[in-house]
Amino acid sequence: MQDTLVRRGNKLSLQGDQLKTPQAQPNWNEVSLDKIRTKLTRAVGQAIGDFDLISDGDRIMVAISGGKDSWALLDILSQMQKRAPVDYKIIAVNIDQGYSGFRQDIVEEYVRKNGFEYHMEFFDIAGIIEEKTKPGDTPCSLCARLRRGSLYGLAEKYNCNKIALGHHQDDFIETLLLNSFFVGRLASMAPKLISDDKKNIVIRPLVYASEAMIKSYVTKMGFPVICCQCPIMCGETVHGDYKRRMIKKLIDQLELVIPNIRDSLLASLGNLQPSHLLDKDLWDFKTPADMTTPVSESCS
Ligand code: SF4
């Protein structure tokens, strides 16, 4: 019998298959804190090595939003710093984006108590968004641009040559699918990126760490996770970025029948075959591609 992907309730399942529904990744909530820390540290270490993220003498500004990913990033980078073969500095920076109710004091208390060099900043991103967007618009891309701009400025102000952001594996693969599905572009995020003016380098050391792993680590560590209070993410009618939520759900559902889908999608970003894509700038189609057939090619 041919396998068919069918919907059962709110899940996708294979009909006619012999597959059970294997668990793709461990249930991180049941894994000990020490083991999660080891895995997370290994994932960050691997990313640092693969993408040459940290060098001797770096002053790394870690952007702390108060969300779980930024706490995990700050914690792991600071633990690795103690035994790293290179010397780097960490500067924690938090931006109050101007949404009322934001508890910058909670962030400040944590970084102060834990001995980090830190800076608390204010940028009225909320005000600019209100002024520039119409009711009903999704302000996320403008917000991201404004935040990026303010982080670039702060890195200069505090003499930091790198800015570390807390994007993780799920962010990378969701962005890949969002770009493919809605933009018609095969692109995700850069693990290391130099700004247009060449003054800043953005690094994303959590690229190999799954969101579930991070979430469990942060819960077990008891970091003071807070929300930025933006109405999209934390307002009374929380709806988040609808398209991203949809993609998240899709990946969760596909994971039931493709257990390693997250690792596989991420691996695909480092394993391009330009001759089997359609980008004329990447491949000279006057030269015929060899006949190596990728596993996914169909007979039609
Ligand atoms: S969810 Fe809120 S904080 Fe996040 S990008 Fe959108 S507007 Fe900005």
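Helices (H or I, at least four residues) and strands (E, at least two) are DSSP runs, numbered from the N terminus. The structure is a predicted model, in which local features need pLDDT of at least 70 and side-chain atom pairs count only at pLDDT 80 or more, while totals for chains, interfaces and linings use all residues. Residues are numbered from 1 along each chain as its sequence is written.

The protein chain holds 10 helices and eight strands. Of its 300 residues, 26% count as buried; a residue is buried if 20 or more other C-beta atoms lie within 10 Å of its own, exposed if 12 or fewer, and partly exposed in between, with C-beta atoms placed from the backbone. Two residues are in contact if these C-beta atoms lie within 7 Å. Among the contacts of the protein chain with a separation of 6 or more, 73% are between residues 24 or more positions apart.

Six strands form an open sheet in the order 5-4-3-6-8-7, with mixed pairing. Its edge strands are strand 5 and strand 7 (192-194), each of which pairs on one side only. Strands are taken to pair if DSSP finds at least two bridges between them. On average, and with direction ignored, neighbouring strands of this sheet are turned by 25 degrees against each other. Axes here are lines fitted to C-alpha atoms, for helices over the stretch in contact, and angles run from 0 to 180 degrees between N-to-C directions. Helix 2 (residues 68-83) packs on the sheet, where it touches strand 3 (59-63), strand 4 and strand 6 (162-164), and its direction makes about 155 degrees with that of strand 3.

Strand 4 (residues 89-96) and strand 5 (residues 117-122) are paired in the parallel sense over six bridges. Asparagine 94 has methionine 120, in strand 5, as its bridge partner. The pairing of strand 7 with strand 8 (residues 201-203) is antiparallel, over three bridges. Here isoleucine 194 has isoleucine 201, in strand 8, as its bridge partner.

Helix 6 (residues 169-183) has 15 residues and reaches 20 Å from its first C-alpha to its last, close to the 21 Å expected at 1.5 Å a residue. The expected span is 1.5 Å times one less than the number of residues. Gln169, Asp170, Phe172, Ile173, Glu174 and Leu176 are buried in this helix. The buried residues of helix 6 pack against helix 7 (211-221), helix 9 (242-255) and helix 10 (261-268). Glycine 184, with a positive phi near 75 degrees, follows helix 6.

Methionine 246 lies in helix 9. Its C-alpha atom is separated by 9.6 Å from that of glutamate 174, 72 residues apart along the chain. Methionine 246 counts as partly exposed because 14 other C-beta atoms lie within 10 Å. Leucine 277 is placed in the segment after helix 10 and counts as exposed because 11 other C-beta atoms lie within 10 Å.

The residues around the ligand are Pro139, Cys140, Cys143, Ala144, Cys228, Cys230, Ile232 and Met233; for each, the C-beta atom, placed from the backbone, lies within 6 Å of the ligand. Helix 5 (140-157) and helix 8 (231-234) each supply at least two residues of this shell. The largest share, three residues, comes from helix 5.
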